[in-house]
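Hi there,

Here is the structure I promised to pass on to you. Have a look at it first, and then read my notes below.

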Amino acid sequence: MVQHTHETVGVREPNWRDFGIGVGCEIFMGCTLGTPLELVKTRIASEHTRGNRLRIPQAIRETIHQRGFRAMYSGLYPWVCLESLTGGVLIYSNHRFYSSLRPYIDSLTTPYRSYITSHVMSGIAAGLAQGIVMSPIVRMKTAEMTRDKGGTKPITYFISTVKRDGVASLFRGTKPITYFISTVKRDGVASLFRGVSPLLVRQMSNWGTRFGVARALENKLCNKSKSTNQSNCPLTIYSRAFCSLTAGVVSCWNHPVDVIAVTMQSKSSSPTDPNRSAYQTAVFIYQRSGLMGFTRGITSRIMLSCWATVCMVFGSDYAKCLLDA
């Protein structure tokens, strides 16, 4: 078993191998639980026209009822390939910022505070870098996930799809380049960055919280298990996984921002005005659903956040330890 240490990750100079690790972790996350959890979370968070709240089982049942179980992984190949780049940007930029910030912050405060603060700030900066890269991708993917599918029964969807696009269309997902071109032609380039402000706030607070909380918990476990020679304190993979899971739960404190971002980017049967600002979208959500509207999809968001944190924080740490061994 690989033994992790409190200072194993983040002290060496970053290199492009970190980018590759981030790409691999992002692909693994999307190909397993990431895609279906994001689909469910997005559908629930963007639905403000129902009289009652859309539940997770109901969202899954409606999705499968429309297009079968494969709909839970609709467009997996093209979208995951694009999103994998954002994982590389996240991990590489996080270590780049950490290696730059740590020496400076060390001169201002105690080692413990420097360690945690550096991880929080580098997580925020990495989230910003990732958000800038992923904004057009998330915009197109969210619109595709929430658009009207044009049929409520599998046979209706089957017939209409074959008539419109041919039999071959049943075996392919949405092509990003096709969707990109049609979106730009219809709404302009600026539409690709719709909802970018709440998206950036979400990503910055997400990863600042995830990296900061995970490292703080790892440090606490080190202090508890070995009060002396802290830098050589061993942490098992289970300890690090637990820290990442907890950090994933805590990072969902910003869920109202996520609901605003998803609502601005969605293309549901009753879409919001594309010219609405983040504030106007928040007012729209409040008028339609009240304060509880900002909590839509929180359960699925927690599940997705836990999985994302385990893959990107714990997973990248473990991959680097394996490669450095």
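In which elements of the protein chain is confidence lowest and highest? The lowest is strand 1 (residues 4-5), with a mean of 44, and the highest is helix 8 (residues 237-250), at 94. These scores are pLDDT, the predictor's confidence in each residue, from 0 to 100. Helices (H or I, at least four residues) and strands (E, at least two) are DSSP runs numbered from the N terminus.

This is a predicted model, in which local features need pLDDT of at least 70, side-chain atom pairs count only at pLDDT 80 or more, and totals for chains, interfaces and linings use all residues. Residues are numbered from 1 along each chain as its sequence is written, and side-chain values use heavy atoms, with hydrogens and water left out.

The protein chain has an average pLDDT of 79, and 74% of the residues score at least 70. Over residues 149-155, pLDDT stays under 50.

Next, take a look at helix 11 (residues 298-324). Its 27 residues reach 37 Å from the first C-alpha to the last, close to the 39 Å expected at 1.5 Å a residue (1.5 Å times one less than the number of residues). Helix 11 also has a kink of about 35°, centred on glycine 315; the bend at a residue is the angle between axes fitted to the seven residues ending there and the seven starting there.

The cavity is lined by 29 residues, and Met29, Glu38, Met134, Arg202 and Leu304 lie nearest its centre. Helix 1 gives the most to this lining, with 8 residues.

Enjoy exploring!

Methods:
Contact means heavy atoms within 4.5 Å. On a 1 Å grid over the protein atoms alone, a cavity is a set of points where a 1.4 Å probe fits but cannot get out, and a pocket is an open set with protein on both sides within 12 Å along at least five of seven lines; lining residues have an atom within 4 Å of a point.
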